Amino acid sequence: MGDCYDIVAVFERPWKEIVDELDRQFGLVKDTGHGPDEWYEHYDTKGFKLVFKGRTKDIILKTTKPEWYAGVGFWIEVFSKSEITIADFGTCTSKFWHVSSKELLRFFEKLTNAGAVLIIGYVYGSERFEDIFGEWDQFLVYEWLEKALKHGKLEILPSGVAIVKDNLLPIEDGLYELAEIPWMEEKEYVLIKSLNGHKILVSIWRSDLTYEDSYRELLEDKTWFSRDITTLIFGRIGKRVKDEFLVKRAEEYFKAQVDEDER
């Protein structure tokens, strides 16, 4: 089975519209075994109310190893608070790491077409939660996302891959340093690229760009986005990188991930 991986999409639309749209896009099966109030009645949900719980009818993401794994489906929890709706897609299977970056990008596109303004990920129960928030609590992540929307500007990369509506990230495309990460053992960067009214943010270690064996693996393995999106980072986006060698390699890595893989 492996760890549980979650992708969180944030919308500024009423939750009923989002549930209807997700049903049209993916097909949903509602969990009728319990009422929504029963699931988190003993939790501090930071004001977020569970309004829908269910799963996708079918496989949503195909893997690069169809001979081993046909694909990945999700359970879905939808939360509402004021004007914000959060859809949390979860799966407890290592098959998720065999989803290609291109396939994941198609999934992001469906979510942004439905109105998602922020998409991030995390591993359920990750120790990074304690490093960042002092305790493990998914609702602290939701609260952080809510505050980012209210602030109207994203200055911190929350997870190794993230999608952000472009008005929340008013900086030019390019490669930037990440700063203020206490556990960071080496320099890490974030590549920012425009994407149909949104920006995709992709983290990259310096060593992966400078060490030939690591860089070759970056180009050959087409599943990095599915691994990195569930890595919590919460690093501040710093100054722009002007080293042409690093920028060129970061761009080549991004292109290798998002181009069609015909294998």
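This is a predicted model: local features need pLDDT of at least 70, side-chain atom pairs count only at pLDDT 80 or more; totals for chains, interfaces and linings use all residues.
Q: OK, so which residues of H3 are buried?
A: The buried residues of H3 are Ser101, Glu103, Leu104, Leu105, Phe107, Phe108, Leu111 and Thr112.

Q: How far does H3 reach from its first C-alpha to its last?
A: H3, with its 13 residues, reaches 18 Å, which is close to the 18 Å expected at 1.5 Å a residue, and the helix is followed by Gly115, whose phi is positive, near 110°.

Q: At what angle do H1 and H3 pack?
A: Helix H1 (residues 15-26) and helix H3 (residues 101-113) pack at about 145° with their axes 10 Å apart, and H1 passes H3 in a right-handed crossing.

Q: Which residues make that contact?
A: On the H1 side they are Leu22, Gln25 and Phe26, and on the H3 side Phe107, Lys110 and Leu111; by type, these residues divide into four nonpolar, one polar and one charged.

Q: Switching to strand S7, how many of its residues are buried?
A: Eight of the eight residues in S7 (residues 84-91) are buried, with Ile84, Ile86, Asp88 and Gly90 on one side and Thr85, Ala87, Phe89 and Thr91 on the other.

Q: And in what sense does S1 pair with S7?
A: Strand S1 (residues 5-11) pairs with S7 in the antiparallel sense over seven bridges, and one of the residues involved, Ile7, has Phe89 of S7 as its bridge partner.

Q: What about S6, how many bridges join it to S7?
A: Seven bridges join strand S6 (residues 75-81) to S7, and the two run antiparallel, with Gly90 as the S7 bridge partner of Trp75; S6 and S7 form a hairpin with two residues between them, where Ser82 in the turn has a positive phi of about 55°.

How values were computed
Residues are numbered from 1 along each chain as its sequence is written. Side-chain values use heavy atoms; hydrogens and water are left out. Axes are lines fitted to C-alpha atoms, for helices over the stretch in contact, and angles run from 0 to 180 degrees between N-to-C directions. Helices (H or I, at least four residues) and strands (E, at least two) are DSSP runs, numbered from the N terminus. A crossing is left-handed if the near helix is turned anticlockwise from the far one by less than a right angle, and right-handed if clockwise. Contact means heavy atoms within 4.5 Å. Ala, Val, Leu, Ile, Met, Phe, Trp, Tyr, Cys and Pro count as nonpolar, Asp, Glu, Lys and Arg as charged, and the others, Gly among them, as polar. The expected span of a helix is 1.5 Å times one less than its number of residues. Buried means under 20% relative accessible area, exposed over 50%, partly exposed in between (1.4 Å probe, protein chains only). Two strands pair if DSSP finds at least two bridges between them.
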